[in-house]
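My entries follow in the order I looked things up.

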Amino acid sequence: MVTVSQGQGKPIGAESAGGWPGVTEMTLAKLPQVGRWWRHSLGPRCGVHQGIRETRPMITLYTFATPNGRKASILLEELGLAYTVHKLDVMAGEHRTADYLKFSPIGKLPALVETTADGKTCRLFGSGAILLHYAEQTGQLLPIDVDAGAECLSWFFMGISDLGPAAVEMFRFSVRLPEKLPSAIDLFKGELIRCYNALDQRLSVVEYLAGEYSIADIACYPFIAAAALSSGSLLDRFPNLKRWHDLLGTRPAVARGMLVPEL
Ligand SMILES: N[C@@H](CCC(=O)N[C@@H](CS)C(=O)NCC(=O)O)C(=O)O
């Protein structure tokens, strides 16, 4: 099923350059002096300035009602980007078809395809790649300050590579699989608690994970929201995480992104 969504988030910058909301000429001019570290360490392909597309591409998001998919839709909503949603029927195995594997070779959701004005396409698969790509392309949701940027990337990757996989495996072993293996369930429960403790401690000293709202928050929120929904009292044990969860829930773009795809 295909539906069309229009990200309605207000871009953070008023003017735009290259058709990208929030990327102003001033932002672009400032970046070389600010010196984003990956431009120096990884070369000119990486980074906002030299690798940016000149015009905004058309965006198709392949997704399903899952936390990983919702990270991508929240991001697109926050950036105010127009996108088409293609909802995959996972139960029918649409994520394993040859057509979809062209976009996501691993056959997982989400994936996203950009089509540029000259008809070229570019795929992105995995929520982490999607979030980082658009943060780089727009210069939004990724702190410019080096220290805040380091915190942002640390929590962002914790969300992508620790919290997300632990939550997915916990769901697989405790809900999906008919055989309940206590050792596997305990292992992933322990990993999740470890993530929640780390997040709670961090959020006891900052409002958002990187100090300011960023892709680090988006990388973690849908899994915390799913856990809060399935276990109403869970967040009572993590008061700072609860405060952050409730705060993010008030963001209109987060609320809209959490409703994608329509059920
Ligand atoms: N590293 C990927 C993981 C994606 C992932 O595990 N997606 C799940 C849905 S939340 C999926 O596609 N499951 C179907 C399957 O594994 O066959 C990301 O961060 O997006």
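**H5.** I checked how covered H5 is: 10 of its 12 residues are buried. I call a residue buried if 20 or more other C-beta atoms lie within 10 Å of its own, exposed if 12 or fewer, and partly exposed in between, with C-beta atoms placed from the backbone. Helices (H or I, at least four residues) and strands (E, at least two) are DSSP runs, numbered from the N terminus. The buried set in H5 includes Ser127, Gly128, Ile130 and Leu131. Tyr134, Glu136 and Thr138 are also among them. I then took the span of H5: 17 Å from first C-alpha to last, close to the 16 Å expected at 1.5 Å a residue. The expected span is 1.5 Å times one less than the number of residues in the helix. Just after H5, I noted Gly139 with a positive phi of about 70°.

**Ground rules.** This is a predicted model, so I kept to its limits: local features need pLDDT of at least 70, side-chain atom pairs count only at pLDDT 80 or more, and totals for chains, interfaces and linings use all residues. Residues are numbered from 1 along each chain as its sequence is written.

**Overall count.** I listed 10 helices and 7 strands in the protein. Of its 263 residues, 40% count as buried. I also looked at contacts, meaning two residues whose C-beta atoms, placed from the backbone, lie within 7 Å. Among contacts with a separation of 6 or more, 65% are between residues 24 or more positions apart.

**H3.** I found 13 of the 13 residues of H3 buried, so this helix is largely enclosed by the rest of the structure. H3 reaches 18 Å from its first C-alpha to its last, close to the 18 Å expected.

**Ligand shell.** Which residues come nearest to the ligand? Of the 15 around it, I have Thr66, Asn68, Lys108, Leu109 and Ser127. A residue is near a molecule or strand here if its C-beta atom, placed from the backbone, lies within 6 Å of it. Helix H3 (67-79), helix H5 (127-138) and helix H6 (146-176) are the elements that give two or more residues to the shell. H6 gives the most, with 3 residues. I sorted the shell by class and got 6 nonpolar, 8 polar and 1 charged residues. Ala, Val, Leu, Ile, Met, Phe, Trp, Tyr, Cys and Pro count as nonpolar, Asp, Glu, Lys and Arg as charged, and the others, Gly among them, as polar. Domain 1 (2-138) and domain 2 (146-250) both give residues to the shell, so the ligand lies between them. Those domain bounds come from an automatic or database domain assignment.

**Around Leu109 and Gly126.** I checked omega from Leu109 to Pro110: the peptide bond is cis, near 0°. Pro110 sits in the loop between helix H4 (98-101) and strand S6 (111-115). Gly126 and Leu109 are 17 residues apart in sequence and 6.5 Å apart in space, C-alpha to C-alpha. Gly126 is in the loop between strand S7 (121-125) and H5. Gly126 has 20 C-beta neighbours inside 10 Å and so counts as buried.

**Leu141.** I stopped at Leu141, which has a positive phi of about 65° although it is not a glycine. Leu141 lies in the loop between H5 and H6. Is Leu141 buried or exposed? With 25 C-beta neighbours inside 10 Å, Leu141 counts as buried.

**Ala167.** Next I went to Ala167 in helix H6. Ala167 is buried, with 21 other C-beta atoms within 10 Å. Leaving aside neighbours within four places in sequence, Ala167 contacts Pro67, Leu192, Phe223 and Ala227. From Ala167 to Phe188 I read 7.3 Å, C-alpha to C-alpha, across 21 residues of sequence.

In H9 (residues 239-249) I found Leu241, Trp244 and Leu248 buried. Seen down the axis of H9, its buried residues fall within an arc of 65°, so they line one face of the helix. The arc is that of the directions from the helix axis to the C-beta atoms. The face turned away carries the exposed residues Pro239 and Asp246. The buried residues of H9 pack against helix H7 (182-202), helix H8 (215-230) and helix H10 (252-258). In the segment after H10 I located Pro261. The peptide bond from Val260 to Pro261 is cis, with omega near -5°.
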